[in-house]
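Hello,

Here is the structure I promised to pass on to you. My notes follow below it, and I hope they are handy when you open the model.

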Amino acid sequence: MVIYNAKDYNDMSRKAANIISAQVIIKPDSVLGLATGSTPEGTYKQLVEWYKKGDLDFAKVKAVNLDEYKGLSKDNDQSYAYFMRKHLFDHVNIDINNTFIPNGLEEDSKKECARYNQVIKSLGGIDLQLLGIGGNGHIGFNEPGEAFEKETHCVKLTDDTIKANSRFFASLDLVPKFAYSMGIKNIMQAKSILLVASGKSKADALYKAIYGEIVPSVPASILQLHNNVTIVADDDALSIIKEKGLL
């Protein structure tokens, strides 16, 4: 596991974008596992800037997203499909037919999970998986629990996650209560993993994920078992780790 200490959010975004751009340059037909949320927004913004300068080419890239809210259409402005188009896909030359996101409108959870697992397998697996980390240690929508979920599954979101996501919705009642998410096995099968973290609200989760026990109550702790993980985090997110003299 490699940890890069970024000065701030913008520095974190640039460093993370550098790693993703290197992956695309070295392997133009890379399969990228992508994340949503406020943390990777700056990373996507930087990738778009470099594309517009002619430094990056996404023509052969395939993208598979971590998760999607159950019950939202891809055109809903709070869906993750919409997020990806707004922040990345609409601004680079990626073939939209090569972008894959769980279908939030599929009511049959078993059917949709099986379909999405097959999508990932048909792509030959993920070359680089981008992750954020929740304040409770979740990755994707793999929430703290009693066991690690293996593959794509339908998740009942915790009250903390619903509350955290409510800032994107008009009211708490409008936040979806369920989501489709890649499982821990899907994530761990990626050839490389890039985790980005920013802000003091992520400091405790990041410390437990890197240096704590490997337990399903901190889903991100499983990353300790992967042989190619890079973490890019700013001073605030690394504050507890640095206070303990571990970095």
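**Strands, helices and rings**

Val-31 stands opposite Lys-62 in β3, and Gly-33 has Val-64 as its bridge partner in that strand. Before I go on, please note that this is a predicted model, in which local features need pLDDT of at least 70 and side-chain atom pairs count only at pLDDT 80 or more, while totals for chains, interfaces and linings use all residues. Residues are numbered from 1 along each chain as its sequence is written, and side-chain values use heavy atoms, with hydrogens and water left out.

Back to the strands (DSSP runs of E, at least two residues, numbered from the N terminus). Strand β2 (residues 31–34) runs parallel to β3 (residues 62–65), and 4 bridges join them; two strands pair if DSSP finds at least two bridges between them.

Now the helices (DSSP runs of H or I, at least four residues). The axes of α2 (residues 41–52) and α3 (residues 80–87) come within 9 Å and cross at roughly 40°; the axes are lines fitted to C-alpha atoms over the stretch in contact, with angles from 0 to 180 degrees between N-to-C directions. That makes α2 oblique to α3 (under 35 degrees is roughly parallel, over 145 roughly antiparallel, 65 to 115 roughly perpendicular, the rest oblique). Glu-41, Tyr-44 and Val-48 of α2 meet Phe-83, Met-84 and His-87 of α3, contact being heavy atoms within 4.5 Å.

Finally, the aromatic rings: the structure holds 6 pairs, counted when ring centres of Phe, Tyr or Trp (its six-membered ring) lie within 6.5 Å. Tyr-51 and Phe-58 have centres 6.4 Å apart and planes at 65°, so they are edge-to-face (over 60 degrees; under 30 is stacked and the rest tilted). Tyr-51 is partly exposed at 24% relative accessible area, whereas Phe-58 is buried at 2%. Ring pairs also link Tyr-69, Tyr-80, Phe-141 and Phe-169 into a cluster.

Best wishes

Note on methods
Buried means under 20% relative accessible area, exposed over 50%, partly exposed in between (1.4 Å probe, protein chains only).
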